[in-house]
Amino acid sequence: MVSVLFALLTALFNGLASVLQRIAASSAPQSRALHLSLFGYLIRRKVWLAGIGMVILAALCQATALATGPVALVQPIFIIELPFTLLVASRVNRRPLPRMTWWAVGLVTVSLGAGLAAAAPSGGSAEASTRVWVTALIVTGAFEAVVITVGVRARGNARGAALGLAAACGYALTATLMKSAVSVLDRGIGPFFSTWQLYATAVAGVGALFLLQNALQAGTLVAVQPPLTLGDALISACYGVTVFNEDVRAYGWFLVVEIVAVIAITVGCVQLSRSLDAMHSPWQPAPAVGPPAVDGQPGPATGGG
């Protein structure tokens with residue numbers, strides 16, 4: 001399916017962007033937290049600009065995926081972004097992945113496939129009434145206000161997790177607005193640029209990006225990535241069902257399989273986030289084994305085997 005292929009490409013480019021943005025944001029001064037001056041600091045860093053380039057490529061692939069498939073199918077596939085991010089970080093930092101990490105990659109991938117197969121998202125429309133949009137935006141605004149308030153009052157990983165969830169909601173809203181905007185492209189460029197959803201997509205996307213940069217600055221990836229990854233998938237599915245009337249099998253044994261899949265994905269995401277966080281921490285090689293030091297000088301190292 002075209003939508004699945006471009007969703008996977010989106011996850012790959014977002015994984016590259018995540019690694020590059022994390023490198024840039026982690027070195028930002030704490031005094032710039034939750035200030036627009038954070039962008040002023042980041043925009044002068046080439047690694048961050050490279051990450052933004054990946055974000056643009058991801059947006060183009062995401063638009064194509066959303067134009068050809070339901071939100072409830074496309075957005076959850078982006079969970080695979082986390083394994084992609086870890087694999088990229090492993091290559092960038094030249095660190096091998098432990099066996100447990102590979103098991104987590106398999107767990108997330110298999111569970112995602114099983115969950116989507118059980119839910120079987122389909123149908124729906126790319127158009128919604130004004131009443132539906134107003135209701136969705138009011139509920140979204142209220143949710144964001146609560147989560148961001150919690151994040152502002154918290155510190156460290158708690159702030160990172162809260163702002164990561166807020167960013168997830170922002171990205172889910174961005175995808176929903178984007179799907180509605182690109183659906184009018186078949187009518188021509190004029191109608192596309194005249195739809196309000198196009199400009200709302202830009203606003204929501206920039207807001208989500210701002211929240212994500214502050215989340216990455218405040219907490220570790222272990223705290224930020226799971227709520228970001230899972231929140232985006234689950235909230236997007238809610239948008240797909242409520243805004244576009246997409247069909248999802250959420251009853252009987254299908255629902256049981258989906259719940260088990262979400263739990264398994266959560267466990268896998270936490271493990272992958274720990275591994276990814278370790279990728280960004282300073283690495284020290286294991287000390288050489290040798291005789292005790294004499295007069296403050298270490299003895300010669302002995303070879304293994």
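A residue is called buried when its relative accessible area is under 20%, exposed when that value is over 50%, and partly exposed in between, using a 1.4 Å probe and protein chains only. I shall apply that definition today to a predicted model, in which local features need pLDDT of at least 70, side-chain atom pairs count only at pLDDT 80 or more, and totals for chains, interfaces and linings use all residues. Residues are numbered from 1 along each chain as its sequence is written, and side-chain values use heavy atoms, with hydrogens and water left out.

Let me start with the whole chain. Its secondary structure consists of twelve helices and zero strands; helices (H or I, at least four residues) and strands (E, at least two) are DSSP runs, numbered from the N terminus. Of the 305 residues, 46% are buried. With contact meaning heavy atoms within 4.5 Å, 80% of the contacts between residues at least 6 apart in sequence join residues at least 24 apart.

I turn now to two residues. Phe 192 lies in helix 9, which spans residues 189-194. Phe 192 counts as buried because its relative accessibility is 13%. Leaving aside residues up to four places away in sequence, Phe 192 touches Ala 181, Val 182, Val 184, Leu 185 and Leu 198. Val 182 is ten residues from Phe 192 in sequence, and their C-alpha atoms are 7.0 Å apart.

Ser 3 belongs to helix 1, residues 2-25. Is Ser 3 buried or exposed? Its relative accessible area is 1%, so Ser 3 is buried. Beyond residues up to four places away in sequence, Ser 3 touches Ala 65, Thr 68, Gly 69, Leu 73 and Val 74.
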